[in-house]
Amino acid sequence: MKYSSIILFVILCFGFSCGSPSKGTYDDAGSNVVDLDGKTNEKSTPSIGSDSEVSAVGVGPKPIGPSPQGPDDVKQNVWALVLSPGLNRVICHAVAVRALYEKGIRFNIITGSGMASIVAAYLALGTTPEIIEWRFHKFFQKSEGMKPFSKNWIERVEKDLLKDFEGKKIQNTKITLLIPVYNEMERKVNYLRRGDLHKSLLENLRLGSKVPNKVNSVITYDRVDSSRLIKLGAQKIVEIDALGKRVKFEGSADYLFGIYGRLSSMSKEKKENHFLVELPIENFSLDSIKDLPEYLRTSYLFVRDNSVEIKENFLSRNKN
């Protein structure tokens, strides 16, 4: 009897250890899912829909348990995180989000364009910013000297970054993920909300395609309009901008300078309930990793010290 009790105790301990969240993910990530259309768990293929198809239905975090700031019957605001494109600069998104997480700020919807769509996908899966930073460091080391968006470069992206998303679905992430893409036939930016995550991220890196009805990277055609997230149910938007007003490349990239230069020159949104965080990294070349530790440190400290208003709004979300 004594030995059977010991064996039962060991089995229970083993079960609890296996059931605990794996290292590198956030325990509470699953509590931030938003059901945009009542079909979040449906295993369907990606669709490029019109504005009428992306209207929000049943928005708001799914109830998991008592809210830490109020009773269960108090509706919380839906927070969206938007990450700007920026090639190598997108690694700074990771430390910026880490600073927000340390303030207790969490998001219900996450989106990003260009390479930032990969950062957004990692976050939506519950991956910690520290792990994301490590993944990109590894990618930078192996892709150094490669021309961005070249065949070799994209193959490197697939091996070092996109492999983590193989076999995963957009609709099954721990935080609601939206992948902005440009539909050539409709000539407009739309959001992918379900389908093959790996394939959708890869398509988001395409700079152009002459194939009818083919989706391409939104950065080639337009800037993601954060206000459209309101139509999807977002009530508060935090946009982290890594481009600023200055685009810089170490290597020859005339065509990329045109793309990113146009995006950086577009006016940034400053509306009610829209918090724009412009990282002070304009001297960081988009295709370089020189002085990267300093830019990561600068980004982290900047967001940590300038997120008071965001935190105050987040903590008062149950009062609205």
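Ile118, Val119, Tyr122 and Leu123 in α3 meet Pro129, Ile132, Arg135 and Phe136 in α4, where contact means heavy atoms within 4.5 Å. The residues of this contact divide into 7 nonpolar, no polar and 1 charged. Here Ala, Val, Leu, Ile, Met, Phe, Trp, Tyr, Cys and Pro count as nonpolar, Asp, Glu, Lys and Arg as charged, and the others, Gly among them, as polar. The model is predicted: local features need pLDDT of at least 70, side-chain atom pairs count only at pLDDT 80 or more, and totals for chains, interfaces and linings use all residues. Residues are numbered from 1 along each chain as its sequence is written, and side-chain values use heavy atoms, with hydrogens and water left out.

Helices (H or I, at least four residues) and strands (E, at least two) are DSSP runs, numbered from the N terminus.

| Helix pair | Angle | Axis distance |
|---|---|---|
| α3 (residues 116-125) and α4 (residues 129-143) | about 140 degrees | 10 Å |
| α2 (residues 91-102) and α4 | roughly 170 degrees | within 9 Å |
| α2 and α8 (residues 292-305) | about 30 degrees | 8 Å |

Angles under 35 degrees count as roughly parallel, over 145 as roughly antiparallel, 65 to 115 as roughly perpendicular and the rest as oblique. With an angle of about 140 degrees, α3 is therefore oblique to α4. α3 passes α4 in a right-handed crossing, a term for the near helix being turned clockwise from the far one by less than a right angle.

The axes of α2 and α4 cross at roughly 170 degrees, which makes α2 roughly antiparallel to α4. In this contact, residues of α2 including Ile91, Val95 and Tyr101 meet residues of α4 including Pro129, Phe136 and Phe140. By class, the contact has 9 nonpolar, 1 polar and 3 charged residues.

α2 and α8 are roughly parallel to each other, and their crossing is right-handed. Among the residues that make this contact are Cys92, Ala96 and Leu100 of α2 and Leu292, Tyr295 and Val303 of α8. The contact of α2 with α8 has 11 nonpolar, 1 polar and 3 charged residues.

Asp164 lies in the loop between α5 (151-160) and β3 (176-183). Not counting residues up to four places away in sequence, Asp164 touches Tyr122 and Arg135. Asp164 and Arg135 are 29 residues apart in sequence and 9.9 Å apart in space, C-alpha to C-alpha.

Terms used:
Axes fitted to C-alpha atoms, helices over the stretch in contact; angles between N-to-C directions.
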